[in-house]
Every structure is written in structure tokens, then in C-alpha cells.
Amino acid sequence: MKASKLTARGLAFVVRAVGRKIAKAHRAKQTPHGKQTVKKLMAHGTSTNSLELSGDTKLFDRVARKWNVDYAFYQTEPGKYLLFFKSGQADAMTACFSEYSRKVLDKAKSRQPTIPEQMKQAEQQLAKEKPQKEHIKEAVHGDR
């Protein structure tokens, strides 16, 4: 068996390898993941795609976190957004968007009216019933 000596060349090789590993970990931490600004998403150096999104962005955030996609919103007008995402994550984004759409539809189906809406409905019902009661009173008192 031969024992090897620790030479300057061997030590330099090990130090460079450790330096590369540290630099790689540092770069990974510098690249943001998940929701970010459009500028940061474009700085990743990959091509991006966009979709139009109207509605609840918070619900999309919850779903996108589950699918671990990198994306950014750009507001075009109130309630309307452009959703930018990496082209390499198109399959994950498709699945994420279909789950989001399903949740939006389920939410719309099961949506109960808000309290102000319930108050308006009650007022409308009272307005309909009130003329009927007055008509009955007139009919009863008018015959005397």
C-alpha cells in the first residue's frame, strides 16, 4: 500500500472544489422562487410566457405555492393581470392553472350572498309584500 502526501497541488484542488460548492449554494439562494417581481423573473435568464388572469390573485398564490412554480403578476387594469412564468415550467403551470380554475368555479358555485346583498333581497321582498297588504286594506275598508 502506498500513502500519498498532501501536496500544494492537491490542497489547491480541494480548496477550489469547496469554493465551487459554496458559490453554487450562494447562487441558488440568490435566485428567488415562487412569487416575485417581473424584473426579477426576467433576470433568471430563461424565456418566459404570459397568461391573462382576472380575479383573485391570493387564491392563485396558494395554488402556485403547492406546485412550486416561479411567477410574477403585472397589473394591466384594476382586477386584470398578466401572469408571467418560466417557459420551462409550462407543464407545472398548466396543472396549477387548471387547479386554480377549478377552485374559482367551485367557489362561485358555493358562494353565499353577502350580508348587504341579503339586506337588499329582504327590502325587495318587503316592498313586494307591502303593496299587497295595502291593497287588501283598501278592499276591506273601501266596501263600508
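Trainee: Let's start with K66: buried or exposed?
Mentor: K66 is exposed, with a relative accessible area of 59%. Exposed means over 50% relative accessible area, buried means under 20%, and partly exposed is in between (1.4 Å probe, protein chains only).

Trainee: What kind of model is this, and how are its residues numbered?
Mentor: The model is predicted, so local features need pLDDT of at least 70 and side-chain atom pairs count only at pLDDT 80 or more, while totals for chains, interfaces and linings use all residues. Residues are numbered from 1 along each chain as its sequence is written, and side-chain values use heavy atoms, with hydrogens and water left out.

Trainee: Back to K66, then. Which residue forms a salt bridge with it?
Mentor: That's E99, with the closest N and O atoms 3.1 Å apart. This pair links distant parts of the chain, since E99 belongs to helix α4 and K66 to helix α3, 33 residues apart. A salt bridge here is a side-chain nitrogen of Lys or Arg within 4 Å of a carboxyl oxygen of Asp or Glu. Helices (H or I, at least four residues) and strands (E, at least two) are DSSP runs, numbered from the N terminus.

Trainee: And E99, buried or exposed?
Mentor: E99 counts as buried, at 7% relative accessibility.

Trainee: How many salt bridges does the structure hold?
Mentor: There are 3. One of them joins the side chains of D61 and K35, at 3.6 Å from N to O. D61 sits in helix α3 and K35 in the loop between α1 (8–30) and α2 (38–42), 26 residues apart. D61 counts as buried at 10% relative accessibility, whereas K35 is partly exposed at 49%.

Trainee: What about K86, which residue does it pair with?
Mentor: K86 forms a salt bridge with D70, and their closest N and O atoms are 3.0 Å apart. K86 lies in strand β3 and D70 in the loop between α3 and β2, 16 residues apart. Both K86 and D70 are buried.

Trainee: Switching to α3: which of its residues are buried?
Mentor: In α3 (residues 57–67), the buried ones are T57, L59, F60, D61, V63 and A64. What covers them includes β1 (48–54), β2 (71–77), β3 (80–86) and α4 (90–109).

Trainee: Which residue just after α3 has a positive phi?
Mentor: N68, at about 55 degrees, although N68 is not a glycine. Most residues other than glycine have a negative phi. N68 is in the loop between α3 and β2, and counts as exposed at 59% relative accessibility.

Key. Contact = heavy atoms within 4.5 Å.
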